[in-house]
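Please read it with the coordinates open.

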Amino acid sequence: MRGTERTGQALPCALPVLLLALAVRGAATDAPTFPWRDAETREWLACGQCPPGTFVQRPCSRGSPTACGVCPPRHYTEFWNYLERCRYCNVICGEREEEARPCNATHNRACRCQPGFFAHAGFCLEHAQCLPGAGVVVPGTPSQNTQCQPCPLGTFSASSSSSERCQPHRNCTALGLTLNVAGSSFHDALCTSCLNFSLSTVEPGYEECERALLDFVAFQDISLKRLLRLQQALVGPGGRRRPPPREEGRAALQLKLRRQLAELGARDRALGARLLLALRDARLAGLERSVRARFFPTR
């Protein structure tokens, strides 16, 4: 390991010597050539070009080969050449870019987009996020945007992300729990340990059964319009009516409804009766019947 480090440290110092050796060898053997008229004899000569990392210090003459010099700092030549001076490293990394390759004797500086961005039409744009219900299939790179696809059956993605893939639904049975709400492409399967599904009285396990009821109502596969009606019914006729969301999807609205139900449950211990009334006011008769059958069974 130490020997490797010493070799790595010696390379920068040895580079000019190596380039000069290549220049002398190339000029004397099979290097590409360029035409040059000897100043003394006035005859045309085929002078050897200088290799990458060097430039022509003195063209050849009848009695001597081309003399090449190593490029000074911040200058380079990338190909065999007969330039009188090396090119300046003129590439400057711009906004949201980082240095991918530093300037050296044989290459100009190279830049790439910073992590989280990709190059497009001369700019570094932020990687797109896959919306809830879709997952990443190909992560973004400095040269390519994120590629998303809808979550296939049995998987979900609950948040917007530029890195997360669709995850498989939880298996409630394998966890020793009961399936409360089937998973969708937007949320995981929701499990519960609530056994009797009865909220008529406050008994051991009441909090778990209350949570199961809130999940069951909030994460039903119903339309945005019906979700909004239920939100308004929970607020009541005197409450402020919420405008329909413009850029908000169903997944985000379901999470808001779940928080709204939790806040309502914290204030009102008669949550079951309040919720059934709200379902009736929202004209969600099918969901009301499902809630009654599951959480308030007739004995």
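The points below go from the overall fold to the core and then to one helix.

1. The model is predicted: local features need pLDDT of at least 70, side-chain atom pairs count only at pLDDT 80 or more, and totals for chains, interfaces and linings use all residues. Residues are numbered from 1 along each chain as its sequence is written, and side-chain values use heavy atoms, with hydrogens and water left out.

2. The protein has six helices and 16 strands (DSSP runs, numbered from the N terminus: helices are H or I, at least four residues; strands are E, at least two). Of its 299 residues, 34% are buried (under 20% relative accessible area, 1.4 Å probe, protein chains only).

3. The largest nonpolar core has 28 residues. Such a core is a set of buried Ala, Val, Leu, Ile, Met, Phe, Trp, Tyr and Cys residues joined through side-chain atoms within 4.5 Å. Val-217, Leu-230, Leu-234, Leu-261 and Val-291 have the most contacts inside it. Helices 2 to 6 each give two or more residues to this core. Helix 2 gives the most, with six.

4. Take Leu-230. Leaving aside neighbours within four places in sequence, Leu-230 is in contact (heavy atoms within 4.5 Å) with Val-217, Leu-257, Ala-278, Leu-279, Ala-282 and Leu-284.

5. Helix 2 is largely enclosed by the rest of the structure, because 10 of its 13 residues are buried. Among them are Glu-210 and Asp-215, along with Leu-213, Leu-214 and Phe-216.

Definitions and conventions: Buried < 20%, exposed > 50% of the residue type's maximum accessible area, 1.4 Å probe, protein only.
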